[in-house]
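Subject: Structure handover

Hello,

Here is the structure I promised to pass on. Please open it and keep it beside this email while you read. My notes follow below.

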Amino acid sequence: MLGSIYAMVAVALTLSIGVLRFLNFSIPGLFMIGGMTAWASLRAGLPWPLAIVAALGAGALASLVVERFTWRWMRGAQDFVPLVSSMAFLLLFEHLAVIYWGSELRTVPPLFANADWRIAGLVISVPQLAGLAASIALIWALTLVLARTRLGRGLRTIAEDSDTALLLGVEINRIVPVVFLISGLFAALAGVIFALNYRQVQPFMGEMVGLKGISAMIVGGMGSVWGSIAGGLIIGLVEVMSIGYFGADFVDIAVYGLLLLILFIRPTGLFAAAFAGQRA
Amino acid sequence: MSGYLEGIMVLLAVNVVFAYGGFLPLAAGQLNLGLAGFAAIGAYSSAYLSNVFKLPPLLAIAFAGIAAGTVALIVAVPVLRTRGIYLALATFALGQIVQAIILNLEIVGGAAGYPVAAFIRFPTIAATAVVVVALVWLLFATRFGIAVTAVHDDERVADLMGIDVRAFQVAAFALGSAIAGVGGGLYAHHFSFIEAQYFNISLSITIVLYVLLGGTQTVIGPLLGAAVFTLLPELLRASANWRYVAFAAALIVLMALRPEGLVTGAQLRRLLGLARAQPRHAAIAAALPKEPSG
């Protein structure tokens with residue numbers, strides 16, 4: 001299950017890498033904003049659909065702010081400059097969240113009284129299932145948008161060469177915010193699903209998941225949407241298996257060892273057919 | 001010197017050492033996000049040497065640098081096969097692995113942390129930091145500095161000019177890691193207790209930020225970056241969280257307005273009055289005898 005959350009975070013990251021060549025480190029922060037806003041608005045007494053909408057809105061809004069101050073300002077600067085700024089945004093979001101909401105672990109109330117289905121001895125939790133279904137549907141919709149629409153064509157042009165795209169009349173300053181909007185939505189939704197499933201949120205919740213999301217993206221292949229999903233599931237599987245075989249202490253060694261191995265052997269990732277923009 | 005002031009000054013000196021550990025690879029165009037791992041190797045190896053073999057702290061710290069540098073040399077060959085963002089991520093994975101391994105090493109306390117018996121005070125640490133800065137400065141006054149800058153600016157052209165790009169990248173990576181190891185050793189021997197959790201990705205990122213804030217073009221940049229961002233929060237005396245918010249906001253603004261960092265080469269030369277009134281080639285051209293006209 002954690003695998004599908006990694007996959008969603010990885011999709012958010014991969015969009016930004018694939019189209020903009022920009023590793024957006026603020027995405028773990030957006031993930032946290034999604035989770036924390038869902039918790040805060042549930043606590044404020046909002047019904048849960050509204051709480052989810054509020055969380056997604058907050059994530060998307062924050063992502064647009066990031067766009068204003070990273071990619072738009074720093075196009076043409078050295079590669080690592082937007083990277084550094086997005087790291088600064090991660091710090092900013094986390095510590096603002098600590099100031100407003102405190103740093104302790106918060107418990108999210110369960111949505112449904114008894115949300116488990118029992119089928120032939122298997123326990124399936126409804127929020128998990130709904131989260132999985134929602135993420136697969138959204139990712140599928142995203143690949144359709146990339147492949148079929150005018151927006152998708154614009155994005156693919158930017159992915160190939162942003163200067164040429166500009167010359168061809170693609171309005172970069174209108175399309176790029178859309179990329180940030182979508183990746184913000186994905187990150188925030190992953191945060192909401194995390195909050196509803198594990199029922200615990202705190203301001204630094206994004207770091208661990210974000211780092212695993214980055215690993216998932218690389219394992220699957222940077223810029224490839226379906227590769228990210230496969231990567232997310234692989235990372236989730238490796239975690240579960242290394243807990244099973246070696247114990248919980250070795251999880252990080254196994255996951256990051258795999259990441260390093262893949263970077264050495266096949267730096268483009270296991271499933272990198274092409275960048276997201278070039279082939280959905 | 002009061003305990004509080006000494007604590008800050010020690011932190012400043014250690015951060016300056018760390019900053020130069022990040023500066024060397026960055027000057028060669030590599031973003032090393034695994035610095036905390038090398039600092040951890042230095043901290044733990046020196047602590048082990050001075051605890052178990054009773055080596056004097058300074059000797060142990062020297063070995064810390066050698067240990068971190070050796071590990072860096074061993075991993076440099078596969079790691080530096082990757083470039084750009086992949087290199088940053090490979091070093092990041094490396095740092096995470098080092099941290100995870102130390103967390104599982106019972107011989108140095110594992111997750112519980114590792115106490116260090118020997119203790120060094122501020123003057124020793126400051127002297128070591130000065131030596132490190134001086135060495136880096138000397139190094140960049142030689143052909144090494146020119147070559148590294150050339151590699152940073154354009155690998156292909158540097159290669160064409162007969163510079164062994166690979167060798168200089170490996171050297172910058174390993175030397176930077178060794179310096180980070182020395183920083184870790186200093187940290188361990190002053191604060192008397194180390195835990196693997198301290199050497200996390202945030203530490204790596206903070207170190208890189210010091211360097212980028214100060215600027216990678218000049219040797220003085222990292223010193224200034226580390227100093228400003230160690231001292232400024234103390235002077236502001238804000239709560240810890242507002243401190244981070246202000247730090248992050250300052251960073252975003254600075255990256256937007258001065259993407260090359262606080263100190264750039266041209267600006268420094270102008271400030272010190274070393275600027276040639278005209279670019280070098282123009283000066284040379286003016287000095288050449290005029291071609292007879294007609």
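**Aromatic rings**

B:Y20 is buried, as its relative accessible area is 1%. Keep in mind that the model is predicted. B:F23 counts as buried too, at 1% relative accessibility. Both residues sit in helix 1 (residues 3-27) of chain B. They are 3 residues apart there, so about one helical turn separates them.

How many aromatic pairs are there over all chains? The count comes to 18. Take one in chain A. The ring centres of A:F89 and A:F93 are 5.7 Å apart, and their planes meet at 40 degrees. Planes under 30 degrees apart count as stacked and those over 60 as edge-to-face, so this pair is tilted.

Where do A:F89 and A:F93 lie? Both belong to helix 5 (residues 80-101) of chain A. They are 4 residues apart, about one turn of the helix. Are they buried or exposed? Buried means under 20% relative accessible area, so A:F89 qualifies at 4%. A:F93 has 11% relative accessibility, so A:F93 is buried as well.

Now back to chain B. B:Y20 and B:F23 form an edge-to-face pair. Their rings are 5.9 Å apart, centre to centre, with 75 degrees between the planes. The two also belong to a cluster.

**Where the chains meet**

Next, look at the contact between chain B and chain A. Chain B brings 37 residues to the contact, and chain A brings 36 residues. What area do the two chains bury between them? The value is about 3500 Å², with 82% of it on carbon and sulfur atoms. Three residues of chain B give more of its buried area than any other three: B:Y86, B:L89 and B:I252. Together they supply 17% of what chain B buries against chain A.

Which elements of chain B give two or more residues to the side that touches chain A? They are helix 3 (57-79), helix 4 (84-104), helix 9 (201-214) and helix 11 (240-257). By class, that side of chain B has 30 nonpolar residues, 5 polar and 2 charged.

What about salt bridges across the interface? The rule finds 0 of them between chain B and chain A. The count of residue pairs in polar contact between the two chains is also 0, with both residues at pLDDT 80 or more.

Best wishes

Methods: Residues are numbered from 1 along each chain as its sequence is written. Chains are lettered from A and ligands numbered from 1 in the order in which they are written. This is a predicted model: local features need pLDDT of at least 70, side-chain atom pairs count only at pLDDT 80 or more; totals for chains, interfaces and linings use all residues. Side-chain values use heavy atoms; hydrogens and water are left out. Contact means heavy atoms within 4.5 Å. Buried area is the accessible area (1.4 Å probe) that two parts lose on being put together, summed over both. A salt bridge is a side-chain nitrogen of Lys or Arg within 4 Å of a carboxyl oxygen of Asp or Glu. A polar contact is a pair of N or O atoms within 3.5 Å; within protein, one must be able to donate a hydrogen and the other to accept it, and residues adjacent in sequence count only if both atoms are side-chain atoms. Ala, Val, Leu, Ile, Met, Phe, Trp, Tyr, Cys and Pro count as nonpolar, Asp, Glu, Lys and Arg as charged, and the others, Gly among them, as polar. Rings of Phe, Tyr and Trp (its six-membered ring) pair if their centres lie within 6.5 Å; planes under 30 degrees apart count as stacked, over 60 as edge-to-face and the rest as tilted. Buried means under 20% relative accessible area, exposed over 50%, partly exposed in between (1.4 Å probe, protein chains only).
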